[in-house]
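These are my notebook entries on one protein chain. I record what I looked up, topic by topic.

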Amino acid sequence: MKRAVPAAVLCGILALTLAACAGADGASLPAAVPSVSPSTAATDAATAPTGTPTADPASDPTTIVVHSDRLEVVDAAGVPRGSVDYTEPVANAVAILVAATGTQPVVAPSAHVAESDPGTSYAWDGITLTDPVTPVESAWQFDWYAQVDGPSSGGLAIATAAGVRVGQTKADVDARAPGVLTPVEVTGGTAYDGTLEERTVATGASGEAMTYSVRLRVGNAPAVVTTLVAPAQNWGG
C-alpha cells in the first residue's frame, strides 16, 4: 500500500471487461427437441410479459458526496449507489466515478505540491483524485485524496454532506454550515478557510487529536467557494 500524504493546499484506470460464453463452435444440436402442442404455445404466448423492463430513473445517481472518510454517489433520495473509502485502492474510486459520470478520467503524473508527494492523478471535470507514491504506514491513513474545483461532473452535482458546493457564496456556506469559516489574509484581501466533518483518526505523541476533515476555501473577490479537499489533515505544519 501507499501512504497518501495529505494535501494541505487544499492507480491505471480500472477497466471493466464483461465476457459472454456462448459454447464451442460447431457444437452438435441435441438429438431430439421436445415438441410443444399448439394449445400450450398459445397459452404461453398469452401469458408472456410484453415490453422491455427499464431501470427505475429514481435510482439513477445524481450527486457525488465528498465526506471526510469516503466518496459516495447517491440518488435523488439520498440513497447510496456507490461508496469508496479513502483507505481503499484508488482503482475502486475510479471505477465508481466512471460508472456514475459515464466518462473516463484524464490520467497524468502529479507533481509534489506542498505536503502532497508526487504520484498519479485521475481528473474529471470538477473533481480530481490524486494517488501519491508514499507508502501507507497505518490503517487509518488514506491512500489517495479528492480535490473538487467545480460544482458538477458528468451531469452529477458535487457537494459535501452539508450541501456546500464550489461556486457558492460565503453567505451560502454560512447558511449551510454556520461558524465553520475562518478569515485568512491573502494577497488582495481576505479569504476564508473551513473544515467540515472533522473526525479524530489518531492521537499524537503529545496527546493531541489528529483529525481528518473536508476542507473548503472561499476565495477573495469574488467570495465564493473555490476548492474542496478531502480528507484534509488537521495537524502538523
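**Entry 1: two hairpins.** I began with the hairpin of strand 10 and strand 11, which has 2 residues between its strands; G188 takes a positive phi near 95° there. I note that this is a predicted model, in which local features need pLDDT of at least 70 and side-chain atom pairs count only at pLDDT 80 or more, whereas totals for chains, interfaces and linings use all residues. Residues are numbered from 1 along each chain as its sequence is written, and side-chain values use heavy atoms, with hydrogens and water left out.

Helices (H or I, at least four residues) and strands (E, at least two) are DSSP runs, numbered from the N terminus. Two strands pair if DSSP finds at least two bridges between them. Strand 10 (residues 181-186) and strand 11 (residues 189-203) are joined by 6 bridges in the antiparallel sense. I found V186 opposite G189 of strand 11.

Strand 11 also pairs with strand 12, again antiparallel, over 9 bridges. In this pairing L196 stands opposite V214 of strand 12. The two strands form a hairpin with 5 residues between them, and G207 in the turn has a positive phi of about 90°.

Entry 2: Most residues other than glycine have a negative phi, and most peptide bonds are trans. I therefore looked up the exceptions. E197, in strand 11, has a phi near 55°, a positive value in a residue other than glycine. For cover I use relative accessible area: buried means under 20%, exposed over 50%, and partly exposed in between (1.4 Å probe, protein chains only). E197 counts as partly exposed, at 32%.

A221 also has a positive phi, near 50°. A221 lies in the loop between strand 12 and strand 13, and its relative accessibility of 68% makes it exposed. The peptide bond from A221 to P222 is cis, with omega near 10°. P222 is in the loop between strand 12 and strand 13 (225-233). I found another cis bond from A230 to P231, with omega near -10°; P231 is in strand 13.

**Entry 3: aromatic rings.** Which residues do ring pairs link into a cluster? Rings of Phe, Tyr and Trp (its six-membered ring) pair if their centres lie within 6.5 Å; planes under 30 degrees apart count as stacked, over 60 as edge-to-face and the rest as tilted. The count comes to 5 aromatic pairs by this rule. W140 and Y212 form a tilted pair, 6.1 Å centre to centre with 50° between the planes. W140 lies in the loop between strand 6 (127-132) and strand 7 (145-148) and Y212 in strand 12 (residues 209-218), so the pair ties together parts that are 72 residues apart in sequence. W140 is partly exposed at 26% relative accessibility, whereas Y212 is buried at 2%. The cluster linked by ring pairs holds W140, F142, Y212 and W235.

**Entry 4: helix 2.** Is helix 2 mostly covered or mostly open? Helix 2 is mostly covered, with 9 of its 12 residues buried; among them are V90, V94, L97 and T101. Just after the helix, G102 takes a positive phi of about 75°.

**Entry 5: the core.** A nonpolar core is a set of buried Ala, Val, Leu, Ile, Met, Phe, Trp, Tyr and Cys residues joined through side-chain atoms within 4.5 Å. The largest core has 42 residues, of which L71, I127, L129 and W144 touch the most other members. Helix 2 supplies the largest share of this core, 6 residues.

Entry 6: I traced 5 strands that form an open sheet in the order 3-2-1-9-8, with mixed pairing. Strand 1 (residues 61-66) and strand 2 (residues 70-75) run antiparallel and are joined by 5 bridges. I64 has V73 of strand 2 as its bridge partner.
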